[in-house]
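Good morning, everyone, and thank you for making time for this. Please take a moment to look at the sequence and the model, and then I will walk you through it.

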Amino acid sequence: MSSSDDESGEEYLFKIVIIGDSAVGKSNLLSRYARNEFNMHSKATIGVEFQTQSMDIDGKEVKAQIWDTAGQERFRAVTSAYYRGAVGALVVYDITRRTTFDSIGRWLDELKSKLNRSTSI
């Protein structure tokens, strides 16, 4: 989280990561939240993408910077680097594919290991 003062009052920025197996709906979840869009034929994310949502809470501007990470194994080394500085994570799975639910433990382990490594530096 970061905070800065300017003429309009305080501003807060929170980094959130969305993680989970490939094709579970991470990108569409972010697209629906950030732009109120949904695409039944969306393409797989390559690397990472992010959207920022701002809201006013008690006169303070609060921004959520939400990072959508690729779920494919081949991008894992790249995408896990984006966990650094995150204050929250949304772990996504597909209720129609049990294997995506079974992978949650692995995703949480990876997240914990990357966050522990970045906070100890």
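Asp 94 counts as buried because its relative accessibility is 17%, while Arg 97, at 32%, is partly exposed; here buried means under 20% relative accessible area, exposed means over 50%, and partly exposed lies in between, with a 1.4 Å probe and protein chains only.

Before I go on, a word of care: this is a predicted model, in which local features need pLDDT of at least 70 and side-chain atom pairs count only at pLDDT 80 or more, whereas totals for chains, interfaces and linings use all residues. Residues are numbered from 1 along each chain as its sequence is written, and side-chain values use heavy atoms, with hydrogens and water left out.

How many salt bridges does a search of the whole structure find? The search finds four. Another of them joins the side chains of Asp 21 and Arg 106, at 3.1 Å from N to O, and this pair links distant parts of the chain, since Asp 21 sits in the loop between β2 and α1 (26-35) and Arg 106 in helix α4, 85 residues apart. Asp 21 is buried, because its relative accessibility is 12%, whereas Arg 106 is partly exposed at 36%.

Glu 11 also forms a salt bridge, with Lys 63, and there the closest N and O atoms are 3.9 Å apart. Lys 63 is partly exposed, at 23% relative accessibility.

Now to the chain as a whole, which has four helices and five strands; these are DSSP runs numbered from the N terminus, helices being H or I of at least four residues and strands being E of at least two. Read along the sequence, the pattern is β-β-α-β-β-α-β-α-α. Of the 121 residues, 34% count as buried.

Strands β3 and β4 run antiparallel and are joined by 10 bridges, where two strands pair if DSSP finds at least two bridges between them. Within this pairing, Gln 51 has Ile 66 of β4 as its bridge partner. The hairpin has two residues between the strands, and Asp 58 in it takes a positive phi near 50°. Strand β4, residues 60-69, is mostly covered, with seven of its 10 residues buried.

Which residues make up the largest nonpolar core? There are eight: Val 17, Ile 19, Val 48, Trp 67, Tyr 83, Ala 86, Trp 107 and Leu 111. Such a core is a set of buried Ala, Val, Leu, Ile, Met, Phe, Trp, Tyr and Cys residues joined through side-chain atoms within 4.5 Å. Both β2 (9-19) and α4 (104-119) supply at least two residues of this core. Apart from it lies another core of seven residues, including Ile 18, Ala 34, Ala 64 and Val 92.
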